[in-house]
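Hi,

Here is the structure I promised to send over. Have a look at it first, and then read on for what turned up.

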Amino acid sequence: MRIVRYQQGNEAPRYGWVFEDKVGEIEGELFGVYRRREASLPLEEVRLLAPVLPGKIICVGRNYVEHAREHGAEVPKIPLIFLKPPSAILNPGEPILLPPQSQQVEHEAELVVVIGRRGKNILPEQAREYIFGYTVGNDVTARDLQRSDGQWTRAKGFDTFCPFGPWIDTEFDPSDAVITCRVNGQLRQMGSTREMVFSVPTLIAFISSVMTLEPGDLIFTGTPAGVGPLQEGDVVEVEIEGLGKLRNPVAKAG
Ligand code: ZN
(Lines give C-alpha, C1' and ligand atoms only; values in the text may rest on other atoms or scores of the structure.)
Protein backbone atom coordinates (compact mmCIF):
# COMPACT_ATOMS: atom_id res chain seq x y z
CA MET A 1 0.00 0.00 0.00
CA ARG A 2 1.12 3.53 -0.81
CA ILE A 3 0.54 6.10 1.93
CA VAL A 4 0.48 9.86 1.28
CA ARG A 5 -0.13 13.04 3.25
CA TYR A 6 -2.14 15.46 1.18
CA GLN A 7 -4.00 18.70 1.22
CA GLN A 8 -7.07 19.68 -0.74
CA GLY A 9 -7.42 23.44 -1.15
CA ASN A 10 -7.02 25.09 2.25
CA GLU A 11 -8.21 22.09 4.25
CA ALA A 12 -6.06 20.58 7.00
CA PRO A 13 -3.55 17.95 5.81
CA ARG A 14 -4.78 14.35 5.92
CA TYR A 15 -3.26 10.92 5.49
CA GLY A 16 -4.43 8.93 2.53
CA TRP A 17 -3.74 5.84 0.48
CA VAL A 18 -3.22 5.68 -3.26
CA PHE A 19 -4.95 3.25 -5.58
CA GLU A 20 -4.10 3.62 -9.26
CA ASP A 21 -4.26 7.42 -9.69
CA LYS A 22 -6.74 8.12 -6.90
CA VAL A 23 -6.47 8.94 -3.21
CA GLY A 24 -8.66 7.73 -0.35
CA GLU A 25 -8.62 9.16 3.14
CA ILE A 26 -7.16 7.24 6.07
CA GLU A 27 -9.19 7.70 9.25
CA GLY A 28 -7.71 6.94 12.66
CA GLU A 29 -4.09 6.43 13.68
CA LEU A 30 -1.59 5.81 10.88
CA PHE A 31 0.68 3.86 13.25
CA GLY A 32 -2.21 2.23 15.10
CA VAL A 33 -5.75 1.39 14.12
CA TYR A 34 -7.12 3.02 10.99
CA ARG A 35 -9.76 2.61 8.34
CA ARG A 36 -9.30 3.26 4.63
CA ARG A 37 -12.04 5.12 2.82
CA GLU A 38 -12.66 4.52 -0.86
CA ALA A 39 -9.97 5.97 -3.13
CA SER A 40 -12.03 8.31 -5.30
CA LEU A 41 -10.16 11.64 -5.32
CA PRO A 42 -7.92 12.11 -8.41
CA LEU A 43 -4.26 12.56 -7.40
CA GLU A 44 -3.93 15.67 -9.57
CA GLU A 45 -6.58 17.44 -7.47
CA VAL A 46 -4.53 17.27 -4.26
CA ARG A 47 -1.22 18.71 -3.14
CA LEU A 48 1.10 15.94 -1.92
CA LEU A 49 3.02 16.78 1.26
CA ALA A 50 6.00 15.07 2.87
CA PRO A 51 4.29 11.72 3.63
CA VAL A 52 4.98 11.73 7.38
CA LEU A 53 6.18 14.18 10.06
CA PRO A 54 9.11 12.44 11.79
CA GLY A 55 10.33 13.22 15.30
CA LYS A 56 13.87 12.62 14.11
CA ILE A 57 15.75 12.00 10.88
CA ILE A 58 18.79 9.75 11.17
CA CYS A 59 21.18 9.55 8.22
CA VAL A 60 23.94 7.10 7.39
CA GLY A 61 27.19 8.37 5.86
CA ARG A 62 29.37 6.46 3.40
CA ASN A 63 27.14 3.40 3.17
CA TYR A 64 28.12 2.68 -0.47
CA VAL A 65 31.76 1.79 -1.20
CA GLU A 66 32.01 3.79 -4.46
CA HIS A 67 30.62 6.94 -2.83
CA ALA A 68 33.15 6.75 0.04
CA ARG A 69 35.89 6.36 -2.61
CA GLU A 70 34.81 9.38 -4.65
CA HIS A 71 35.48 11.51 -1.54
CA GLY A 72 38.73 9.68 -0.79
CA ALA A 73 37.17 8.44 2.46
CA GLU A 74 37.43 5.06 4.15
CA VAL A 75 34.38 2.82 4.33
CA PRO A 76 33.45 2.97 8.03
CA LYS A 77 33.93 -0.17 10.18
CA ILE A 78 30.70 0.61 12.03
CA PRO A 79 27.82 2.70 10.64
CA LEU A 80 28.52 6.44 10.61
CA ILE A 81 25.35 8.29 11.63
CA PHE A 82 24.24 11.91 11.84
CA LEU A 83 20.95 13.80 12.17
CA LYS A 84 19.01 16.23 10.02
CA PRO A 85 16.53 18.53 11.80
CA PRO A 86 12.80 18.09 11.03
CA SER A 87 12.77 21.80 10.06
CA ALA A 88 14.69 20.78 6.90
CA ILE A 89 11.74 18.72 5.59
CA LEU A 90 10.54 19.70 2.11
CA ASN A 91 7.38 18.60 0.31
CA PRO A 92 7.63 16.79 -3.04
CA GLY A 93 7.64 19.29 -5.91
CA GLU A 94 8.71 22.27 -3.79
CA PRO A 95 12.03 24.09 -4.35
CA ILE A 96 15.32 23.24 -2.65
CA LEU A 97 16.68 26.65 -1.61
CA LEU A 98 20.40 27.30 -2.08
CA PRO A 99 21.66 29.19 0.99
CA PRO A 100 24.05 32.15 0.54
CA GLN A 101 26.59 30.53 2.94
CA SER A 102 27.40 27.71 0.46
CA GLN A 103 28.87 27.66 -3.03
CA GLN A 104 28.50 23.88 -3.43
CA VAL A 105 25.11 22.33 -2.67
CA GLU A 106 24.86 18.71 -3.83
CA HIS A 107 22.19 16.02 -4.28
CA GLU A 108 22.36 12.60 -2.57
CA ALA A 109 19.80 10.03 -3.78
CA GLU A 110 18.79 7.72 -0.93
CA LEU A 111 16.43 4.95 0.11
CA VAL A 112 14.62 6.02 3.29
CA VAL A 113 13.21 3.67 5.95
CA VAL A 114 10.09 4.78 7.86
CA ILE A 115 9.85 3.33 11.36
CA GLY A 116 6.44 2.03 12.47
CA ARG A 117 6.94 0.93 16.09
CA ARG A 118 8.76 2.21 19.15
CA GLY A 119 11.90 0.19 19.80
CA LYS A 120 15.23 0.13 21.63
CA ASN A 121 18.04 -2.43 21.21
CA ILE A 122 16.25 -4.08 18.29
CA LEU A 123 17.93 -7.27 17.03
CA PRO A 124 18.67 -7.42 13.28
CA GLU A 125 16.40 -10.45 12.91
CA GLN A 126 13.52 -8.49 14.53
CA ALA A 127 14.11 -5.29 12.52
CA ARG A 128 11.47 -6.07 9.91
CA GLU A 129 8.72 -5.81 12.57
CA TYR A 130 9.70 -2.18 13.23
CA ILE A 131 9.62 -1.05 9.59
CA PHE A 132 6.45 0.73 8.50
CA GLY A 133 7.61 1.18 4.91
CA TYR A 134 10.03 2.92 2.57
CA THR A 135 10.20 6.20 0.71
CA VAL A 136 12.55 8.12 -1.59
CA GLY A 137 14.81 10.85 -0.21
CA ASN A 138 17.38 13.44 -1.21
CA ASP A 139 19.98 14.13 1.50
CA VAL A 140 20.82 17.62 0.20
CA THR A 141 24.28 18.63 1.40
CA ALA A 142 26.37 21.83 1.38
CA ARG A 143 29.58 19.96 0.49
CA ASP A 144 31.92 22.93 1.04
CA LEU A 145 30.56 23.47 4.57
CA GLN A 146 30.67 19.73 5.32
CA ARG A 147 34.40 19.85 4.56
CA SER A 148 35.20 23.12 6.34
CA ASP A 149 33.10 22.53 9.48
CA GLY A 150 34.12 18.94 10.26
CA GLN A 151 30.79 18.59 12.09
CA TRP A 152 27.97 18.03 9.57
CA THR A 153 25.03 19.72 11.27
CA ARG A 154 25.18 22.96 9.28
CA ALA A 155 25.99 21.30 5.93
CA LYS A 156 23.06 18.88 6.23
CA GLY A 157 20.61 21.01 8.19
CA PHE A 158 19.52 24.01 6.11
CA ASP A 159 15.78 24.50 5.59
CA THR A 160 14.58 22.54 2.49
CA PHE A 161 17.57 20.13 2.65
CA CYS A 162 15.34 17.13 3.44
CA PRO A 163 12.94 16.41 0.56
CA PHE A 164 11.29 12.99 0.72
CA GLY A 165 8.26 11.25 -0.75
CA PRO A 166 6.04 11.30 -2.71
CA TRP A 167 4.63 8.37 -0.69
CA ILE A 168 5.52 5.58 1.72
CA ASP A 169 5.29 2.10 0.25
CA THR A 170 4.53 -0.49 2.94
CA GLU A 171 5.32 -3.51 0.73
CA PHE A 172 8.53 -2.41 -1.02
CA ASP A 173 11.42 -4.91 -1.06
CA PRO A 174 14.72 -3.01 -0.57
CA SER A 175 17.08 -5.92 -1.25
CA ASP A 176 18.03 -5.05 -4.88
CA ALA A 177 16.38 -1.92 -6.27
CA VAL A 178 18.01 0.48 -8.74
CA ILE A 179 18.41 3.98 -7.33
CA THR A 180 19.06 6.91 -9.67
CA CYS A 181 19.40 10.67 -9.56
CA ARG A 182 18.81 12.85 -12.61
CA VAL A 183 19.42 16.58 -12.86
CA ASN A 184 17.56 18.26 -15.75
CA GLY A 185 17.01 14.76 -17.17
CA GLN A 186 20.72 13.91 -17.15
CA LEU A 187 21.76 10.81 -15.21
CA ARG A 188 24.08 11.66 -12.29
CA GLN A 189 23.83 8.73 -9.89
CA MET A 190 22.96 5.08 -10.41
CA GLY A 191 23.42 2.22 -7.97
CA SER A 192 21.54 -0.63 -6.37
CA THR A 193 20.41 -0.87 -2.77
CA ARG A 194 22.16 -4.28 -2.91
CA GLU A 195 25.49 -2.41 -2.71
CA MET A 196 24.90 -0.97 0.76
CA VAL A 197 27.76 -1.64 3.17
CA PHE A 198 25.37 -2.03 6.13
CA SER A 199 21.93 -3.54 5.43
CA VAL A 200 18.68 -2.02 6.67
CA PRO A 201 18.32 -4.56 9.56
CA THR A 202 21.93 -3.90 10.62
CA LEU A 203 21.31 -0.14 10.58
CA ILE A 204 18.12 -0.45 12.64
CA ALA A 205 19.92 -2.61 15.22
CA PHE A 206 22.88 -0.22 15.37
CA ILE A 207 20.84 3.00 15.61
CA SER A 208 18.40 1.58 18.17
CA SER A 209 21.33 0.59 20.39
CA VAL A 210 21.96 4.35 20.66
CA MET A 211 18.53 5.99 20.54
CA THR A 212 14.95 4.82 20.90
CA LEU A 213 13.25 4.66 17.52
CA GLU A 214 9.71 6.05 17.37
CA PRO A 215 6.89 5.65 14.84
CA GLY A 216 7.47 8.06 11.96
CA ASP A 217 11.23 8.37 12.45
CA LEU A 218 13.20 8.27 9.19
CA ILE A 219 16.48 6.55 8.38
CA PHE A 220 18.28 7.83 5.26
CA THR A 221 20.41 4.84 4.28
CA GLY A 222 23.25 6.53 2.37
CA THR A 223 23.92 7.47 -1.25
CA PRO A 224 25.63 5.71 -4.19
CA ALA A 225 28.47 7.37 -6.14
CA GLY A 226 27.94 10.30 -8.49
CA VAL A 227 26.89 13.09 -6.14
CA GLY A 228 27.21 16.50 -7.77
CA PRO A 229 26.29 20.17 -7.63
CA LEU A 230 22.87 21.77 -7.95
CA GLN A 231 22.36 25.19 -9.53
CA GLU A 232 19.50 27.64 -9.51
CA GLY A 233 16.91 26.56 -12.10
CA ASP A 234 17.82 22.85 -12.00
CA VAL A 235 15.24 20.11 -11.53
CA VAL A 236 16.45 17.13 -9.51
CA GLU A 237 14.73 13.74 -9.64
CA VAL A 238 15.53 10.83 -7.35
CA GLU A 239 13.95 7.56 -8.40
CA ILE A 240 13.94 4.11 -6.83
CA GLU A 241 12.79 1.27 -9.04
CA GLY A 242 9.43 -0.05 -7.88
CA LEU A 243 9.08 2.62 -5.18
CA GLY A 244 8.62 6.04 -6.76
CA LYS A 245 10.11 9.26 -8.02
CA LEU A 246 10.80 12.40 -5.99
CA ARG A 247 11.11 15.62 -8.00
CA ASN A 248 12.20 19.05 -6.73
CA PRO A 249 13.23 22.25 -8.52
CA VAL A 250 16.17 24.28 -7.21
CA ALA A 251 16.05 28.01 -6.41
CA LYS A 252 18.09 30.61 -4.54
CA ALA A 253 17.11 31.32 -0.92
CA GLY A 254 15.70 34.77 -0.17
ZN1 ZN B 1 23.54 11.06 2.58
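One term before the rest: a residue is called buried when its relative accessible area is under 20%, and exposed when that area is over 50%, with partly exposed in between. Also keep in mind that this is a predicted model.

By that cut-off, Asp139 is buried, because its relative accessible area is 0%. Lys156 is buried too, at 2%. Their side chains meet in a salt bridge, with N and O 2.9 Å apart. Since Lys156 sits in helix α3 and Asp139 in the loop between β13 and β14 (141–142), this pair ties together parts that are 17 residues apart in sequence.

Now the overall picture. The protein has four helices and 20 strands. Its radius of gyration is 17 Å, close to the 18 Å that the globule rule gives for 254 residues, so the protein is as compact as a globular protein of that length. The C-alpha trace spans about 50 × 45 × 30 Å along the principal axes, and 54% of the 254 residues are buried.

Back to charges. The count of salt bridges comes to 21.

- Arg14 pairs with Glu25, the closest N and O atoms being 3.2 Å apart. Arg14 belongs to strand β2 (residues 14–19) and Glu25 to strand β3 (residues 22–28), so the bridge ties together parts 11 residues apart in sequence. Both ends are partly exposed, Arg14 with a relative accessible area of 28% and Glu25 at 22%.
- Arg118 pairs with Glu214, also in a salt bridge (3.2 Å, N to O). Here the loop between β12 and β13 holds Arg118, and the loop between α4 (200–208) and β18 (218–220) holds Glu214, so the parts tied together are 96 residues apart in sequence. Arg118 is exposed, at 56%, whereas Glu214 is partly exposed, at 27%.

Which strands stand at its edges, each with a single partner strand? The sheet is open and mixed, with five strands in the order β10-β20-β19-β16-β17. β10 (96–98) and β17 are the edge strands, so each has one side left without a neighbour in the sheet. On average, neighbouring strands are turned by 20 degrees against each other, direction ignored. Strand β16 (residues 178–183) runs antiparallel to β17, and the two pair over six bridges. Within that pairing, Val178 has Ser192 in β17 as its bridge partner.

Leu187 lies in strand β17 (residues 186–192) and is partly exposed, with 42% relative accessibility.

Finally, some backbone details to check by eye:

- The peptide bond from Gly165 to Pro166 is cis, with omega near 0 degrees. Pro166 is in strand β15 (residues 162–169).
- Asn121 has a positive phi, near 50 degrees, although it is not glycine. Asn121 is in the loop between β12 (109–115) and β13 (131–138) and is partly exposed, at 47%.
- Thr160, another residue other than glycine, has a phi near 75 degrees. Thr160 lies in the loop between α3 (153–157) and β15 and counts as buried, at 11% relative accessibility.

Cheers

Conventions: Residues numbered from 1 in each chain as written. Predicted model: local features only at pLDDT ≥ 70, side-chain atom pairs only at ≥ 80, totals over all residues. Heavy atoms only, no water. Buried < 20%, exposed > 50% of the residue type's maximum accessible area, 1.4 Å probe, protein only. Pairing = 2+ DSSP bridges. Axes fitted to C-alpha atoms, helices over the stretch in contact; angles between N-to-C directions. Rg over C-alpha atoms; globule rule 2.2 N^0.38 Å. Salt bridge = Lys/Arg side-chain N within 4 Å of Asp/Glu carboxyl O.
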